[in-house]
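I am opening my notebook to record, step by step, what I look up in this model.

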Amino acid sequence: MRRLDRLPSPGSVASSSPSCLGCINTCKPRATPGLVQRSLSEGESGYTITKPNGKHVITVNSLETEERQRFTICHEIAHIVLALESSHEEVPSWSYAKRHPNEIACDTFAAELLMPYQQWLSLVPKEEPSLELIQGMAALFSTSFPAAASRFASLSDIPCAFVTMERGAVRYAARSTSLRQAGAWISPRSAIPVGSVAHRLRSSGSSAADTDEVAQDIWFDNWEKGLDLWELSRHYARTDTTTSLLWFDSDDLPEVEVNRFGVRVEDDGGLAELTGQLPWPGRSRRR
């Protein structure tokens, strides 16, 4: 066992944000964790054991990629720093919504630790996503492709979403602020939609990546048909995992009205809202 004196450093970028470092420093020296790398069963990334003397030992799956192990270490550090109990019991692969809130919080902590908000925004190219852009950001921060793509979608000004799928079903989707405000929704538990790039790649049975333009109603069923979006998808055949980064051109974002709960407001055919403007000479208005 070796002592985890510092976080794994992500390439040329500082290893963590000041706020997270401050939290970790509150644990030292008593709570500084040890690190063990060993073979674990498939699907088990790691766990933490606390000894009677208060020392923590983080175990990570040595069979997983270095990037995945780094994320697991930061996730387990979050459990220690935030004093949140682990809840790693088995849940359906599609059921991100049913994951324990502690695990979701620790994932969020780990993402900020590895890809700090301010550093990410200062380094990410101000352009539409591409395979090369996401791979470049993943390499810069020494994270996995899915982690970098999810971070891009969460912090982007571009209307976009990152969708994770396992065994043919949607597990969860991270959406940009503009897409959330527009009421975009991708249902968890749903099957990978036919006609999507993700469906095509998974159906091929081999690991591959591709980008193509698809009809937006393939992914979003609460908007009008006839609009297109871009989909960058990647399929990992060994684990039967598929990811898709979806984005609109800003000018093509469908205009929908949503209520304060994020639910689309449907036109009930009632009287139009009074605006103080006369309806003639017949100029049409888009609602």
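Which strands each supply at least two residues of the lining of the largest cavity? I found that E8 and E9 each do so, where strands (E, at least two residues) and helices (H or I, at least four) are DSSP runs numbered from the N terminus.

Before going on, I noted that this is a predicted model, in which local features need pLDDT of at least 70 and side-chain atom pairs count only at pLDDT 80 or more, while totals for chains, interfaces and linings use all residues. Residues are numbered from 1 along each chain as its sequence is written, and side-chain values use heavy atoms, with hydrogens and water left out.

**Entry: the cavity.** I searched the whole structure and found 1 cavity of 30 Å³ or more; a cavity here is a set of points, on a 1 Å grid over the protein atoms alone, where a 1.4 Å probe fits but cannot get out, and lining residues have an atom within 4 Å of a point. The volume of the largest cavity is about 30 Å³, a volume being the space filled by probe spheres set on the points, which are joined across faces, edges and corners. I listed its lining as Phe145, Phe162, Leu232, Ser233, Arg234, Thr243, Ser244 and Leu245. Sorted by class, the lining has 4 nonpolar, 3 polar and 1 charged residues, where Ala, Val, Leu, Ile, Met, Phe, Trp, Tyr, Cys and Pro count as nonpolar, Asp, Glu, Lys and Arg as charged, and the others, Gly among them, as polar.

**Entry: strand E9.** Why is E9 largely enclosed by the rest of the structure? I saw that 7 of the 7 residues of this strand (residues 241-247) are buried, so it is largely enclosed; buried means under 20% relative accessible area, with a 1.4 Å probe and protein chains only. Both faces are covered, with Thr241, Thr243, Leu245 and Trp247 buried on one side and Thr242, Ser244 and Leu246 buried on the other.

**Entry: its partners.** Strand E5 (residues 160-166) pairs with E9 in the antiparallel sense over 7 bridges, pairing being counted if DSSP finds at least two bridges between two strands. Within this pair, alanine 161 stands opposite leucine 246. E8 and E9 form a hairpin with 4 residues between them, and aspartate 240 in the turn has a positive phi of about 50°.

Definitions and conventions: Buried < 20%, exposed > 50% of the residue type's maximum accessible area, 1.4 Å probe, protein only. 1 Å grid on protein atoms, 1.4 Å probe; cavity = no way out; pocket = protein on both sides within 12 Å on 5 of 7 lines; lining within 4 Å.
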